[in-house]
Amino acid sequence: QNLASSMNAYFMNFKVENKIISEETINLITFNLEKGYIDSVGTVIDDVLKEIDSAPLNIAVTGESGVGKSSFINALRGVGYEGEGAAPTDVVETTMKATPYKHPRFPNVTLWDLPGIGTTNFPPQDYLRKVKFDEYDFFIIISATRFKENDAQLAKAIKGMKKNFYFVRTKVDIDLRNERKCKPKNFKRGEILQKIRNNCLVSFRQLKMDEPQIFLVSTHDISKYDFPILIDTLLKDLPAQKRHMFMLSLPNVTKEAIERKRGSLGQKIWLEALKAGAWATLPMVGIFNDNDIKKLEASLKEYRVLFGVDDITLQNVAEKLQVPVEGLQAIIESPNLLEKKKGESREERLLKYVERFCSVSGSLLGADLHFRETFYLQLHFLDTVANDARTLL
């Protein structure tokens, strides 16, 4: 009963768009806990963890030629224009067929650069069939000026097939810079952005279609403008089992992205702990063995990579900012989490973390439930690394 109530209480802390398991799965686990079906609890959690780690996500990016599709794909993957595996960003149309670009760290996440709609090879009436419409989870339709009739007709066809689509207006930073240069005295950022939105909606009004939400972005700095709102919208519309991988794949360019990633990983740790806690009969005491320590080391290494505070990324950031890497290492904590102090064993250091963490945070599953110490430490490591990412940002 304590486990069941803790299950509900924990997941109530998350908005729907940030939950990595569905309400049906939450209810199923709760039901099994209430009935005392411990074997079933373990099976359900094992199945859902496998599903969220292996769920494929295919994102289609389309629009007319030259609007910045490839740049948007590179930005979403966290790949520079000249980075390994970057989508080509030539001025002329480079995409003559649907081209997949896998995320560099998450091969299950693929962004597809689709041919520009309305080109000679892809007239609107044949477009969806030729690009194999059914393969994609959702479509992002991009424009660098205003959306044309082809874009609106494509959206209408996608909607008719019950798939989600999103309109993204790129190069907003260039428009603002030009306006500031031409009209420095009368420059009003908010009014210009609203003018851009209104201009994007002209074709929809002419075709008497419902006006969609327009997301204004800059691929040079995706932390600005409507990019965070776009991500919130995508997460809300995605099936629960696909949110985890999408959240992990996002670049750490905003505090919101870092917090989403921390919350997603925290839920996964919590589910593993719940399964272990359901079997727990002893208080949280014991000695760490080599396997425990190796698992914790691997978790810490994984978190540092996911949040961009690993040694390689720190070195790249230091070179970009032209500062010593030691200066960045000095302001973050995670590189030193597992360093042993003189006269102290690795075991003793880990147990001190457990005592400190538990005394501050208390039990996350309820007063009477005992965690394995490794789960406490994984949560502690995760929070430390997420704080480091915010500091570095």
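**Close-up views of a predicted chain**

**View 1. N32 and the residues around it.** Leaving out residues up to four places away in sequence, N32 touches Y37, S40, V41 and V44. Touching, or contact, means heavy atoms within 4.5 Å. This is a predicted model, in which local features need pLDDT of at least 70 and side-chain atom pairs count only at pLDDT 80 or more, while totals for chains, interfaces and linings use all residues. Residues are numbered from 1 along each chain as its sequence is written, and side-chain values use heavy atoms, with hydrogens and water left out. N32 belongs to helix α2; helices (H or I, at least four residues) and strands (E, at least two) are DSSP runs, numbered from the N terminus. Is N32 buried or exposed? With 6% relative accessibility, N32 counts as buried. Here, buried means under 20% relative accessible area, exposed means over 50%, and partly exposed lies in between (1.4 Å probe, protein chains only).

**View 2. Helix α2 beside helix α3.** Helix α2 covers residues 23-35 and helix α3 covers residues 38-54; they pack at an angle of about 160°, with their axes 9 Å apart. The axes are lines fitted to C-alpha atoms, for helices over the stretch in contact, and the angles run from 0 to 180 degrees between N-to-C directions. How do α2 and α3 lie relative to each other? They are roughly antiparallel, since angles over 145 degrees count that way, while those under 35 count as roughly parallel, 65 to 115 as roughly perpendicular and the rest as oblique. The crossing of α2 past α3 is left-handed: the near helix is turned anticlockwise from the far one by less than a right angle, whereas clockwise would be right-handed. On the α2 side the contact is made by T25, L28, I29, N32 and L33, and on the α3 side by S40, V41, V44, I45 and V48. By class, the contact of α2 with α3 has seven nonpolar residues, three polar ones and no charged ones. Ala, Val, Leu, Ile, Met, Phe, Trp, Tyr, Cys and Pro count as nonpolar, Asp, Glu, Lys and Arg as charged, and the others, Gly among them, as polar.

**View 3. Helix α7 meeting helix α8.** Helix α7 (residues 172-182) packs with helix α8 (residues 189-200) at an angle of about 130°, and their axes are 11 Å apart. That makes α7 and α8 oblique to each other. α7 passes α8 in a right-handed crossing. Look for V172, D175, L176 and E179 of α7, which make the contact with R189, I192, L193 and I196 of α8. Among the residues of the contact of α7 with α8, five are nonpolar, none is polar and three are charged.

**View 4. Helix α10 alongside helix α11.** Residues 227-237 form helix α10 and residues 240-249 form helix α11; the two pack at an angle of about 155°, with axes 9 Å apart. α10 and α11 are therefore roughly antiparallel to each other. I231, L234, L235 and K236 of α10 make the contact with R243, F246 and M247 of α11. The contact of α10 with α11 has five nonpolar, no polar and two charged residues. S249 also lies in helix α11, and at 6% relative accessibility S249 counts as buried. Which residues is S249 in contact with, leaving aside its neighbours within four places in sequence? They are L76, H103, F106 and V109.

**View 5. Y166 in strand β5.** Y166 sits in strand β5, residues 164-169. Y166 is buried, having a relative accessible area of 6%. Not counting residues up to four places away in sequence, Y166 touches F138, F139, I140, I141, F215, L230, T233, L234 and D237. Y166 and P212 lie 46 residues apart in sequence, yet they are 8.0 Å apart in space, C-alpha to C-alpha.

**View 6. Two loop residues with positive phi.** Y225 is not a glycine, but its phi is positive, about 60°. Find Y225 in the loop between β6 (214-216) and α10. Y225 is partly exposed, with 22% relative accessible area. Q322, also a residue other than glycine, has a positive phi near 60°. Q322 is placed in the loop between α14 (311-321) and α15 (325-329). At 73% relative accessibility, Q322 counts as exposed.
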